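Welcome, and please take a moment to turn the model around before reading on. We will go from the whole to the details.

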Amino acid sequence: MAEWTKQLKTGQPVAPPSDADASLFGPLAGEVTGLARTLTRVRAAAEREARLRLRGESVWTEERLKQFVQMRFGASPIFVLSNREPVSHVRDGAAIRELQPASGLVTAMAPIMFACGGVWVAHGSGDADRIVGERIGLPADDPAYTLRRVWLEPDEEAGYYYGFANEGLWPLCHIVHERPQFRAADWAHYRAVNEKFAATVLEEMERVESPVVLVQDYHFALASRYIKRERPDARVALFWHIPWPNFEAFGICPWQEEILLGMLGADLIGFHTQFHCNNFLETVERTIEGRVEWDDFAVVRGHHTTHVLPFPISVAAEPEERAPAVDDPPAMLETPVEFLGIGVERIDYTKGLPERFRALRRFFERWPEYRRRVVFVQLASPSRSRIPRYQQLQEEIHEIVRRINDEIGEWGWQPIVYHERHHEHREIRAWYRAAQFCVVSSLHDGMNLVAKEFIAARDDDDAVLILSRFTGASRELRDALLVNPYDIEGTAEAIHRAIEMAPAERRDRMSHMRAHVREQNIFRWAGMLMSELTRIPRGDRPGVTAAPGPS
Ligand code: F6P
């Protein structure tokens, strides 16, 4: 045991002696292992900070965000509200497995909570969540924050999540020619569930003065208003992860006014782009009473002001020390391949998967010399599968992939390798790193974090990103090959160009994008959003008379 603890002090992750478990020292060994892990992380973060300072860089890091939050909010925890939980527990035979959902929101928010601590309130949707617990520390091996789960009845989930959020608001906000469904019963559930989550947040922050609350996404258009109604002293930001349409498009929603008033309960509303902020402000101006201050990007109603600003979300350009181990994905292919393309998506009609596959087919038709030399691997994770439109899309995709592989494929070579299941982050990362090009062909997307994850996962510059011009990411990643995914010929040409691109150009483009993602990372996003939030004067807590300040 003594020898082992000495080795741990060097910072090397060494396993405890094999007989420790059975001995008196078993629990002690567990504790020391946890402590060593924490020390390694702290040491790595400090070393990274020091390296950046030496290079005179002012990149936002986990550590810098932590210090910033401590300076601005002291020991006060941060509260996050989202529908999707950062970790689900699912049954796997007799065992229970931890699963990180395929969600850009989770990818973005998890590192922030890891850095800042606090309470994350979310829907407990895993089939083993109730067994594991309502309030748990995460990450399980070294908790940095608390996950507070909210349980939903099946009819609540059907009306609020599948119904109003995903058959109503989702197609309403994305321009993909999918007709939104507005059912009064879904709307009633949506309101009730927003109240329910708001009540849980209020309960969690009962003893905290002037709490900071970060409400996430279109599932919670009303929650900010419910929270501020009870706690005017709270500083509430709502971040809308999807696009905001123009006011005519939004105008078809029968409950548009209530949605806008609910959102305007927040002190700050964030979108990915200025364009979506402008659409939102114009919708407000034409729909409800209130003053839009265009020079300040704010809405004033009575005594309350809501600021509306762009915060392009990002990923943590992961420090090497926490980077997950990498598998050998090419070994998962039947034969070695000269050019590997990759796509990673939830199966969603906004992602342009059929269009992408048609473009691949066209590419192989126009440039047959690349048959047998190029393979495109698509990782597709099933999503919202209870909604008929999603089932229909899944079938459509199966059919397209089958047809292309039948008609273009040859013995020993399949142009498209389609893996439909949930994929762990470490697996996805391995594919990102092995690929020569990645295709993101969303028909409309608020940001699209797959594009940024692909770039962040690389430690070389030897790859090309093909990116839809209808994503928020395309406003930042100008060195990607930008495509209109509806234009099949154009996308096929981009695939051809990616494969034939001269190494110097490839490196030039990729190194610019890597530098951009490294600097404009998720810690910066959180820092910018929270610093904007602290500029906003806060109200008083009801029942508490504010102490007179210095005159
Ligand atoms: O894009 C909006 C969003 O909520 C993301 O933030 C997230 O990546 C995705 O949808 C996940 O969808 P769901 O939570 O329904 O699986």
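Predicted model: local features only at pLDDT ≥ 70, side-chain atom pairs only at ≥ 80, totals over all residues.

Along the principal axes, the C-alpha atoms fill a box of roughly 80 × 70 × 50 Å. If you look at contacts between residues with a separation of 6 or more, 74% of them join residues 24 or more positions apart.

How much of the protein is buried? Of its 551 residues, 54% count as buried.

Now step inside. The largest nonpolar core has 165 residues, and Leu 65, Phe 357 and Leu 465 are the ones that touch the most other members. Helix H6, residues 154-173, gives this core its largest share, with nine residues. Leaving aside residues up to four places away in sequence, its contacts include Cys 438, Val 440, Phe 454, Leu 477 and Met 513.

Back at the surface, there is a nonpolar patch formed by Met 1, Phe 25 and Leu 28, which together have about 260 Å² of accessible area. Leu 28 belongs to helix H2, residues 26-54. Because its relative accessible area is 44%, Leu 28 counts as partly exposed.

In the loop between strand S5 (135-138) and strand S6 (145-150) you will find Pro 139. A cis peptide bond joins Leu 138 to Pro 139, with omega at about -15 degrees.

Further along, Arg 372 lies in the loop between helix H12 (353-366) and strand S14 (374-381). Its phi is near 75 degrees, a positive value in a residue other than glycine. The loop between S14 and helix H13 (388-408) holds Arg 384, where phi is also positive, at about 45 degrees, although this residue is not a glycine.

Are these two arginines buried or exposed? Arg 372 has a relative accessibility of 44%, so it counts as partly exposed. Arg 384 has a relative accessible area of 11%, and therefore it is buried.

Note on methods:
Residues numbered from 1 in each chain as written. Heavy atoms only, no water. Patch = residues over 30% accessible without salt bridge, like charges linked within 9 Å, V, L, I, M, F, W, Y side chains within 5 Å. Areas by Shrake-Rupley, 256 points an atom, 1.4 Å probe, with all protein chains shown as cover. Salt bridge = Lys/Arg side-chain N within 4 Å of Asp/Glu carboxyl O. Helix = DSSP H or I, 4+ residues; strand = E, 2+ residues; numbered from the N terminus. Buried < 20%, exposed > 50% of the residue type's maximum accessible area, 1.4 Å probe, protein only. Core = buried A, V, L, I, M, F, W, Y, C linked by side-chain atoms within 4.5 Å. Contact = heavy atoms within 4.5 Å.
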